[in-house]
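Colleague: I'd like to learn how to read a model like this one, feature by feature. Could you walk me through it?

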Amino acid sequence: MTLEQAAAAVGVSTGTLRRWVRQDVVPQFDGAWTPAAIGQARLVARMRERGHSLADIQRATEDGRLAFGHVAELFAAEDPVHSLSDATDATGLDPALIERLMTTLGLRSTPGLTDDDLELLRYIAAVLDAGLPLDAMLQLTRVYAQAIAQIADAEVRLVHLYVHEPLMRSGSAAAEMADELVELTSDLLPLASPMLDQLHRRLLAHFIEQDVVGHMESELELASDEVGRMRVAIAFADLAGYTRLTEEAGELHALDVVERFTEAVSVTLPDDARVIKTIGDEVMIVGSDPAALTAWAVGFQRLQTERPLPRIAVHYGYALYRDGDYYGREVNIAARVVARSAGGEVLVTRPIVEATGSELQFERIAEVRLKGFKGPTEIFLARPGGAESD
Amino acid sequence: MNRTFEIMSEDPETGPPLRAADTPQRFEFTDLDLVVNIRSGSDEEEPNLAWEWSDEVAWEPKVRLSMSSETANRYFQGKENMAIAIARRRIKAVGDVKAALTIIPLTKPVFARYRQMIADDYPHLEL
């Protein structure tokens, strides 16, 4: 690549690029503008945008703080050689839709499209041709983008925390660190895709099975008239007194407690239920069987002996499914009810009592006006079924 | 159950983690009036798990689980959720029940081998 092409790829003038080389902030440049050298120059450009001086960047380069940037050479940047109309010709997708897809995927940083972009759009066009409705495809794209972004972010952060920082603390030379990180990433990279593929297939099989069961069991129920709405059992669980625990025992201990809590939730859930998201110490769970999810909540509380004890609320109703998450009034009710519970309790609403039958015990404890809701909501305390109620 | 414990002890996915968990358990099968105490192997010479069909054992169980043999059969076939069974009183858990939470994921890999054993040798117990 010529100096002019390199400068365009980095987004600076040729004079700036020359000056950076003279000041040794692009040590990968050995007379030729290789992808590695351009990757490093891009890093310098980003640091400059964030206000760091060339002297700061030079010091960071010398002590190895930028060593991870060398890994960028494994991801050779492609030139955006295709226009929107090229992509439309190649895929049959509308230009406006292509722009929307690229934005949703988080890939809309350059004006043109690369070969890889085009390949991705061909896959999407094939999925649409196969018959998946556009709305579903757009939602799926958003879920893919969010999930993969989270994976990539975790990969980078974990290598940084567990490999790069220990190398820096050990006093390794910058070049040695860069070599080690590049070698490690070269070894790990080919493993990530097959691992994700295998995990995806296995989880897909599991959720297809759950969907089939859910369909069979709900066929007698009144269908919702709105696409994307489904009747689900929604549970929220969090740890009572978590903020105080963080203050008293420190963030690391509190984080450890949360990790054990969310893992305990995941491994004990009934087959039809899954963790939708976690926010701090709060876990949102959705399942198709309200009786099973409520019984799980009651049984889960019986397995808890240490403080902070969980608080759990379970509700049953129609929720709007969008982008891998559930929304709507009924979700809000479940979230509000958990705020009313104390550690060790499972609070539920009337639809849960009616769907669960006599296998658990329910005590009506209040009729409350939940924050943001006009009408009253009945709240029941759920306990194990049978004679003993200890 | 002896064969099930043997599978759990010998299976490379379950045996070593269960040994490392070091959580002595007491199972009571209420309908059969049978009690089994199970613990981790005490040294490298022993199998991963050791058990005795008696309460006369030289160790104290950390967790006491009481259930019918039917519930145990459902559990080992992967068709009984521990938390739900506790709520519905099909399983009674006493003692360090938090430790039971650690054991649950460790036993899951054995379900497929248990189902195979039932299909091969005890088809009347298939669910």
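**Reading the two chains**

Modeller: Happy to. Start with burial in chain A: 38% of its 390 residues count as buried. Keep in mind that this is a predicted model.

Colleague: What is the radius of gyration of chain A, and what would a compact globule of 390 residues have?

Modeller: Chain A comes out at 27 Å, whereas a compact globule of 390 residues would be near 21 Å. The box around its C-alpha atoms, taken along the principal axes, is roughly 80 × 55 × 40 Å. Take the contacts between residues at least 6 apart in sequence: 63% of them in chain A join residues at least 24 apart.

Colleague: On to the interface. How do I judge the area buried between chain B and chain A?

Modeller: The size of an interface is often given as the accessible area lost when the parts come together. Here about 1700 Å² is buried between chain B and chain A, with carbon and sulfur atoms giving 60% of that area. In residues, 15 from chain B are in contact with 25 from chain A.

Colleague: Which side chains meet in a salt bridge?

Modeller: Look at A:Glu359 and B:Arg88, whose side chains pair at 2.7 Å, N to O.

Colleague: Which element of chain B gives the most to the side that touches chain A?

Modeller: That would be α5(B), with six residues. Both α4 (82-87) and α5 (97-107) of chain B supply at least two residues each to that side. By residue type, the side of chain B touching chain A splits into nine nonpolar, one polar and five charged.

Colleague: And the backbone? Where is the cis peptide bond?

Modeller: Go to A:Arg307 and A:Pro308, which are joined by a cis peptide bond with omega about 0°. A:Pro308 lies in the loop between α12 (290-302) and β4 (310-322) of chain A.

Colleague: What about phi at B:Asp33 and B:Arg89?

Modeller: B:Asp33 has a positive phi of about 55° without being a glycine. You'll find B:Asp33 in the loop between β1 (25-29) and β2 (34-40) of chain B. B:Arg89, also not a glycine, has a positive phi near 60°, and sits in the loop between α4 and β5 (91-95) of chain B.

Colleague: Why does B:Asp33 count as exposed, and why does B:Arg89 count as partly exposed?

Modeller: B:Asp33 counts as exposed because its relative accessibility is 71%, and exposed means over 50%. B:Arg89 has 26%, so B:Arg89 counts as partly exposed.

Conventions: Residues are numbered from 1 along each chain as its sequence is written. Chains are lettered from A and ligands numbered from 1 in the order in which they are written. This is a predicted model: local features need pLDDT of at least 70, side-chain atom pairs count only at pLDDT 80 or more; totals for chains, interfaces and linings use all residues. Side-chain values use heavy atoms; hydrogens and water are left out. Contact means heavy atoms within 4.5 Å. Buried area is the accessible area (1.4 Å probe) that two parts lose on being put together, summed over both. A salt bridge is a side-chain nitrogen of Lys or Arg within 4 Å of a carboxyl oxygen of Asp or Glu. Helices (H or I, at least four residues) and strands (E, at least two) are DSSP runs, numbered from the N terminus. Ala, Val, Leu, Ile, Met, Phe, Trp, Tyr, Cys and Pro count as nonpolar, Asp, Glu, Lys and Arg as charged, and the others, Gly among them, as polar. The radius of gyration is taken over C-alpha atoms; the globule rule is 2.2 Å times the number of residues to the power 0.38. Buried means under 20% relative accessible area, exposed over 50%, partly exposed in between (1.4 Å probe, protein chains only).
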